[in-house]
Structure formats: C-alpha cells, structure tokens
Amino acid sequence: MSLVGLVECKNRNVDSIKGAVSEAFRLIDYKLLKAEKIVIKPNMCYYWDWSTGQTTDPLFVAALIDLFREEISPDVKISIVESDASAMKCKYAFKYLGYEKLARDCDVDLVNLSTVEAEKVAVKVADEVFEFMVPKIIRDADLRVNVPKMKYMSFTKISAALKNIYGCNPYPRKFEYHSKLDKVIVALNKVMPFNLHVLDGLTVCGSKTLRLGLVMASRDPVAIDAAVAKIMGVNPKSVVHLRLAEKEGLGKTSFIAKGVDIDYFRRRFPRRSFSEKVIALGYRVACKLGLDKRLV
Amino acid sequence: MEKINLGVIGLGFIGKVHLRNCLNLKSVRVVAVADSSKKVLNYAKAFGVKRLFTDYHELLKLKDLDAVIISLPTYLHAESAIIAMEEGKHVFLEKPLARNVEEGREIVSAAGKNGVIFMVGYPLRFVPEFVDLKSQVESGALGDIQMAYGVDIAAGPFFHRAESTTPRPVPEWWLNIELTGGGALMDLGYHMINLLRWYIGEVSAVKARLGYRFNFDFEDYATCITDFECGASAVVNVGWFSQSAAVGIELHGTMAHARAYHSPSSKVITAVKLILGRTPRFFIPYLKEVSHFVDYLRDDDGENRLSGEDALKDLEVIAKAYKNQIK
C-alpha cells in the first residue's frame, strides 16, 4: 500500500507551508534527490484565484520552490507549467492568478505547454488507443511535481492529483474530450507520470470555500486521490477514473495515511449536501441531453 | 396598436436575456437577430427567429425594422448605435453608454440629430425594492437625504454556472481596458451612480479609490466618495468578488432612514426555468426595462425614464471618479 502524508498548516505563509510540506515528505519517506530540471504543475482553473479554493495558491508553490532550492540546489531550474484550455488562456491565468509575480520573485519560468515543443505519443487505456502531444519540458524533467487542489467536479465526481494532469495536455480545446474524460485522464497520467504529488488543501472549495489548512503528499496519485475522496465524502471505488487508474497500474486506492488523522479533515471539509449532489447530477444530465443550450 | 418590429444585435449573455424577454412581449415582433458568431445565431434560430445576420450592418438595412436592442461589447456601442440611429432606428443600448464621455456625447447627439428614441439599459431601476425606495423618497417620508450608501458586489468575470464549479468564461474583450473603458467601477459603479442620482439629485464632486486584487490592468473593486449638489454625500462600494452578490442602497434622511437590498435569484431555479422556457426572476427587471422602451415607442408610457442624457451624466460621474483617484 502507498503512503499518504497528512499535515495541518494553520498559517498561510511561506515558512509555515514549507515546514508542513517537509513534514509531509518525512511522513511518506520521501527524500529530495539530485535534480537539474524540475517541473511544477499547479492547478489553474479559469481566472479564479487561490482565495476561491479552486486553484493552487502561488504562495504554496513559492514554498515548494524554496524547499527545492534549499534541499536540492540553489541553481536548480524550475518551470511552472500549464496549458491553454477551453475556458482559460495561460497568458491571462499566469497574470491574474499571481503566477507572473511569483515567477519574478522566485526567478522561475512560466511555461504555456500549448506553445512549446512536443512529440506525439500513443497510449492504450482499456483497449482504446489515444494519441497526445507530450511536451519536451515535461518529458525531460528530472523531477515532475504535481500540486493539485481538491474539488468536486460534475463529470468525474472529484478533481485532484490525476485530474490535474489533464492540464498538461497541450491541446487547448479540452472540452472535446469530455465524453471520454475518465479514460483521457488516465491516459495522460500514463504518458506523463509525475513523481510527486503535493496537494494544496490550505483553502478548499466544497459546498463552500473554507480554510482547511491541509497539506498532503504522496508518490502515488491514485492513493492521494483515494484519500481526497475519503475526506470529501466520496467513495473512492465510485470514482471511475480512480478505478481505471488502479487497473492501469498507476497506483493503489488502498493507502496508509500517516500524520494527522484523516477523519480530522473529513469532519471539517465542507462536504456537499444531498441537494447539492442532486444539482450536480441534474447539471450532468442536462449537459448530456443538450438542455444546457437553452440556458443563456 | 401596431406591434413594434424589433431587432437584437449581439447575443452574449445579456443579449440572450433580451431576446428571450422580447419573444415574450405581446407588443413586439422580433424580426431579426445579428451576432458575429454563426453558432450563437443558432440560439435565436431555435426560438424561431428567421432573419439572422453575422453582420449587424445588414440587419440595420431592413426597412420593416422599427427599433433595435444593442447588446454588443462596450467598444462597439458608439459605432453601432450611431449607425442604427442614422438608419432611423430607435435604439435601446445596453449599459454602459460608452467607453468614455466623448463617445457617449456622440451617441446622444446622434439620437437628437436623427430624431430617434434612445434609451440605455438600467435594470436596477425596475427592481421592486429600488422602485419602492424611490416612492419613499418622493413621498417625503425620509425628509432631506443627508447620507447614502450604495453597494454592488457581483461575480463579474468570475461567474460560475448553476452547479457552481464550472466557470462561465467571459469573452476576451472583457479583459482589455481599451475595449471596456474601465473595470468594476465602470461595470457596477455605473448602476449605483444612476440609482443615487435618481434618489438624491446631481453629483457635484466624486473621488475614488481603486483596488487591484486580481492583478488585472483595471480595477476589480472601488470605493467612491460622492457629493451631491443638494449637500448630501454618499459612499459607493463596488467589486467583483467570486460568487457572492450584494446589491443595495441605504438612504439616511433628516426624518427617517430607508434601505433596499436586491436579493439575487437562485441560479438553480433560474437554470430550471430557462430549460422549461419560463421567465426566471432574474429576467424580470430586464423585461420591464425593454417593456418601458417599447411602450414609450407606442406612446403608452409618457416619460423616457432611461434617457441617453441621463446615462451620459452617469458616465461623466464615472469619468470624474477615475480622474480623481485617492492614492
């Protein structure tokens, strides 16, 4: 079983976050090894900043950068990556979400994966073959760090580590994949495996936005997502892309939680009420039936 | 009385609201719709509109068209409204009047020159709570208003869909100050200044402090300190803050105080009503403002309550607020 480290971080500042992340690494027996090129993939969603709980806090990423420079080397080359999407353009997201400032302050690169060199890679998931462009910067990195959020999502129930890698697909018209979302999420994780998953649960968005103060780490994206599902009140086995990811060998849904008791965060997480679940289901059904076209 | 033949130009979010409202007005016949996107025009086609144009100039050449509702991006307001007026069409223009005072003056002047009726959309003027507040002011129950407070907090470009986790992306022009003329102060302050002028009278001086929480090139929140010719003063707070909406006015008079807050509609109920083809509560102020326009065209309503001149005064106040910034 994979290890998942859970740490509480009550203060939103670089030192506190760095301390919490170090502790999470210790809990999962993770040692930062020599690396020259590191890629960090935060979660960006539209132009909602960190205070909505929907996107990774740039301060969280700043703490990671500090830690990598202290533990690995001050000269390590760090790139923050994201790609254009149907409802988001990197040129705006980097600026509005505070990443341009972060890049200036921490001397790191911001990379729009939709505009960089990439090569076509075929991958099979559940007897279906997909082709994706894999950016060279991700392929060539010594350390690939995934920094997801934990959110509900109409089409996949939850969005966390595995779903965040969906944003590494350089193709901008991502809505075209919605009919095969579960398979595509797994396929992208197979062609772009990330070494480390550090979840920013400082501010979370469930039925409402809340300061949860959670930092989680794992080397296994399936395990960390299973832990996320548990905290959010979702049965991990009911999440199709989690089941599929496990079947495809990306990780295990069974995990050993270390650190703060998972129930402590489960009790505090603003879980969806029954009516909110019905609304999410209704929205999904409306989209499938094309009724959303009648909205304004 | 004859029906008014109406065209709708621009089928963005508010354009769709206007279209659906017009289709429900007995005194209106929607004869044509224009939008630069063919895909978006399918929305109008699904509601039975036959004449569809990707170029609004073509729509404006229609001889049987009496009036148009223009809900294009702000940077196209002056151009489209003036062309429509020169074609002899009456114009209902979405707010804000224009990107700047100069463009606003050109539009108002074109309306006068071409002898057409011109109104600017101010849905809050038709919200029952704010209409009731106006009645209280006019009844003299508040005495002389000395102080006022206006607040308009809305999602702006951060709008979520009904299930609350999916963004509704704004078009790219929203993110370009050259095309919008301003940020939250222009978007929301415009409503507040209009309401306060309606209740209190003309503004004599205004200052603003602008906030830039989201790293835009334009303000995402603002506080205005406003003085009125009658001696009253007001504080106006506006901002785009995620999901929560707060729209209200408080008036403090020499004899009494009154407040009016407009509670937002449930997005879920709105979505369900739209799918079922019903009119959601959110649409009603928009329906009433367009009804007023149409009734005025048909001589059924004696006073132009949404005049271009009035909108120009609002724009002048906003322009002064941008100029007199508190650093």
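Q: How many Å separate the centres of domain 1 of chain B and domain 2 of chain B?
A: This is a predicted model, in which local features need pLDDT of at least 70, side-chain atom pairs count only at pLDDT 80 or more, and totals for chains, interfaces and linings use all residues. Residues are numbered from 1 along each chain as its sequence is written, while chains are lettered from A and ligands numbered from 1 in the order in which they are written. Chain B is assigned domain 1 (4–121) and domain 2 (124–276 + 305–323), with bounds from an automatic or database domain assignment. Taken over C-alpha atoms, their centres are separated by 24 Å.

Q: Which helix gives the most to the side of domain 1 of chain B that touches domain 2 of chain B?
A: The contact (C-beta atoms, placed from the backbone, within 7 Å) takes 20 residues from domain 1 of chain B and 16 residues from domain 2 of chain B. On the domain 1 side, helix H5 (101–114) and strand E6 (118–120) of chain B each supply at least two residues; helices (H or I, at least four residues) and strands (E, at least two) are DSSP runs, numbered from the N terminus. With 6 residues, the most is given by H5(B).

Q: Which element supplies the largest share of the side of chain A that touches chain B?
A: This contact takes 23 residues from chain A and 20 residues from chain B. Helix H3 (90–96), strand E8 (151–153) and helix H11 (274–288) of chain A each supply at least two residues of the chain A side. The largest share, 4 residues, comes from H11(A).

Notes:
Two residues are in contact if their C-beta atoms, placed from the backbone, lie within 7 Å.
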